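Here are a few friendly notes to read alongside the structure. Take the points in order, with the view open beside you.

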Amino acid sequence: MKTLVYARVSTRDKDQDPETQLSAIRHWLASHPDWPVVDTFIDIASANDFGRRTGWRDLQDAIAHRKGKAVVVFKLDRAFRSVRHLHQSLEAWEPYGVQLVSVTEGFDSRTAMGRLLINLLGSLAEFELEVLRDRVVAGMDRARAQGRQIGRPPALRRPFVEARWPEVREAVAAGRMGTREAARFLGVSPTWVSRRVHAGDVPETLTSAAHHVDDDDVTS
């Protein structure tokens, strides 16, 4: 079975060496002489940094071109960032008949136990996605409760804030518009509006103030 080997070490630990993983993989392959290695892919990057995981992208390309029938890794977390990512990858590889083996964890998608684990992983992936959704919703609710508006990125909002601030400041100062209403209109926090109204900001100073808005001031 033509084999593709993948190893990854994190940039956070400079003492890591991919050779540690590759040595264990070679030891496992020594007892599987019918699994010749076609290519080896190595990344030095965090699990979530797919921009720098060029080896991972090359592995996917090799699978798409049917260069191998098995992917062998040291541990599952060396290749996959989450249970969901693992399950998605296995589903993507299925049309190419590619199997997955983790040499230190005994995970082998060719076996009945491996296939059972894949089904369990599918359920765990759904659970993980639901938890992620709940966290996102909770975060948005918390942001709204703090008076933040979910919408345009700050970089796109600044020109609008700068253009409308003079009239908004005058309206708030005169009592024609509340702080929260002004914040919703501008897409900033009530704290940002209140601080600048009481500080007596004038239009000339708004640009520098807007460009120093941080996460506590402008909503995202």
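1. A word on terms to begin with: a residue is called buried under 20% relative accessible area, exposed over 50%, and partly exposed in between. Please keep in mind that this is a predicted model.

2. Leu120 has a relative accessibility of 45%, so it counts as partly exposed. Leu120 belongs to helix 5, which covers residues 112-145. Together with Met113, Leu116 and Leu117, Leu120 makes a nonpolar surface patch of about 360 Å².

3. Now the whole chain. Of its 220 residues, 38% are buried. The chain exposes about 12700 Å², and 52% of that comes from carbon and sulfur atoms. Among contacts with a separation of 6 or more, 67% link residues 24 or more positions apart.

4. For the secondary structure, expect nine helices and five strands. Along the sequence they follow the pattern β-α-β-α-β-α-α-β-β-α-α-α-α-α.

5. The five strands form an open sheet with mixed pairing, in the order 2-1-3-4-5. At its edges are strand 2 (37-44) and strand 5 (107-108), each of which pairs on one side only. Helix 2 (residues 54-64) packs on this sheet and touches strand 1 (3-9), strand 2 and strand 3. The direction of helix 2 makes about 150° with that of strand 2.

6. Finally, how do strand 3 and strand 4 run, parallel or antiparallel? Strand 3 (residues 70-73) and strand 4 (residues 99-102) run parallel, joined by four bridges. Within this pair, Ala70 stands opposite Gln99 of strand 4.

Conventions
Residues numbered from 1 in each chain as written. Predicted model: local features only at pLDDT ≥ 70, side-chain atom pairs only at ≥ 80, totals over all residues. Heavy atoms only, no water. Patch = residues over 30% accessible without salt bridge, like charges linked within 9 Å, V, L, I, M, F, W, Y side chains within 5 Å. Areas by Shrake-Rupley, 256 points an atom, 1.4 Å probe, with all protein chains shown as cover. Salt bridge = Lys/Arg side-chain N within 4 Å of Asp/Glu carboxyl O. Helix = DSSP H or I, 4+ residues; strand = E, 2+ residues; numbered from the N terminus. Buried < 20%, exposed > 50% of the residue type's maximum accessible area, 1.4 Å probe, protein only. Contact = heavy atoms within 4.5 Å. Pairing = 2+ DSSP bridges. Axes fitted to C-alpha atoms, helices over the stretch in contact; angles between N-to-C directions.
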